[in-house]
Amino acid sequence: MTGRRFVSFLITLLIAVVGGLAFQWVHMPIPWLLGPMMFVLIITKLWKSFTPFWPGVVRNSGMIMIGYTIGLSFTMEAMKQIGQQLPLMILLTALLLLGSTGIAFLVSKLSGISFPTVLMGSIPGGLTQMIPLAEEIKGVDLTVVTFLQVSRLLMIIFFVPMLVFSPFFGLEGMGQQLVAMKASAGWSGLYPHIFLFAVACTAGALLGKKIHLPSAIFLGPMIVTILINLNGYEGPALPFTLLNVCQLMIGGYIGLLLKPEQLKNKLAMAVLAILSGAVLISCSLGLSYLLTLLHPVPFITAFLGLSPGGMDQIGIIAKEVDADLSVVICYQLFRTLFIFLVVPSLIKFIFRSRLQSNVVETTS
């Protein structure tokens, strides 16, 4: 990194930190991901004379640690739960993805944006995971993908708690008591085991890239952590502060990817994004009702298990309303693993087949 680029990175980092602090101060959801992303986006667009810089190695380091953290959730207990309800998980996950595909098809037709782009923006796979995957597929507009993913994420983060604590679920009185606080692991608990996982996760990321694993920087560490975890060697949880740093590493990078000036029909895109998010939440409600018919679980547990949101936010809500946390996390975890392990390869295969078909038609 040259001296000029290093200074640019320090200034961009300062902007990202201010964004995280500001979003945390006003109690915004996931402040250290959305705050840096929004501040880097807005300030760098307004500050025309400044050339921002965010090294890929910083983003990759954050992705490795997030992959490790999600891998820790995959315990033997989670394996047993998944084994018991595997057929239902496959069915409901497939139906949710079909619903997402249908929504993407309609949005593509209404907006004129390419179907691959809208599909990547509509799949509920997580903002930090779908962006790297979208980067690997040719012809995908990263600005539109990020816009759709962020819009859906914000809708779910705001509207799922509102639904859960509404008269619809009969829990409106508990809404005032919800305090979204995550358990904080201590720094002293990291040593010495974290060194083994640091080396293993880095090796997993490098190996994943070498064998062309989709979203290798994220999936490689996650798979390595799962394998070590299931063999009885449990890794230490990362401190809350370090998890915030990981989100900042990713949020600053995504902020530079966003190019709203290239987004056509901004108002129409915003309306379509909101409508598609609302339809996806409605699909989750319908599938939740189907789950209660096929398996004896409370509706609140089924809805939280099938909500297309992050495991951490959904887990907090599930614990607060006394839902079956193991069922909720297992459904969330299975969908996450299914999307990460199966969907990327499937999407690449479909789009590659479509491209080859178009080439054949053109040449003939």
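1. A word on terms to begin with: a residue is called buried under 20% relative accessible area, exposed over 50%, and partly exposed in between, using a 1.4 Å probe and protein chains only. Helices (H or I, at least four residues) and strands (E, at least two) are DSSP runs, numbered from the N terminus.

2. Please keep in mind that this is a predicted model, in which local features need pLDDT of at least 70, side-chain atom pairs count only at pLDDT 80 or more, and totals for chains, interfaces and linings use all residues. Residues are numbered from 1 along each chain as its sequence is written, and side-chain values use heavy atoms, with hydrogens and water left out.

3. Now the overall picture. The protein chain has 16 helices and 0 strands. Of its 364 residues, 51% are buried. Taking a contact as heavy atoms within 4.5 Å, residues 24 or more positions apart account for 74% of the contacts with a separation of 6 or more.

4. With 18 residues (193-210) at 1.5 Å a residue, H9 should span 26 Å, and its end C-alpha atoms are 26 Å apart, which agrees; the expected span is 1.5 Å times one less than the number of residues.

5. Which residues of H9 are buried? They are Ile194, Phe197, Ala200, Cys201, Gly204, Ala205 and Gly208. Seen down the axis of H9, these buried residues fall within an arc of 140°, so they line one face of the helix. The arc is taken from the directions from the helix axis to the C-beta atoms. Their cover includes helix H3 (56-72) and helix H10 (216-230).

6. On the face of H9 turned away from the buried side, you will find the exposed residues Phe195, Val199, Leu206, Leu207 and Lys210. Just after H9, histidine 212 takes a positive phi of about 60°.

7. On to the cores, each a set of buried Ala, Val, Leu, Ile, Met, Phe, Trp, Tyr and Cys residues joined through side-chain atoms within 4.5 Å. The largest nonpolar core has 88 residues, and those with the most contacts inside it are Phe218, Met222, Leu238, Leu291 and Tyr331. Helix H11 (residues 240-257) gives the most to this core, with 9 residues. Another core, of 5 residues, lies apart from it, with Ile300, Leu304, Ala323 and Val328 among them.

8. Finally, serine 276 sits in helix H12 (residues 266-294). Its relative accessibility is 13%, so serine 276 counts as buried. Leaving aside residues up to four places away in sequence, serine 276 touches Ile103 and Val107.
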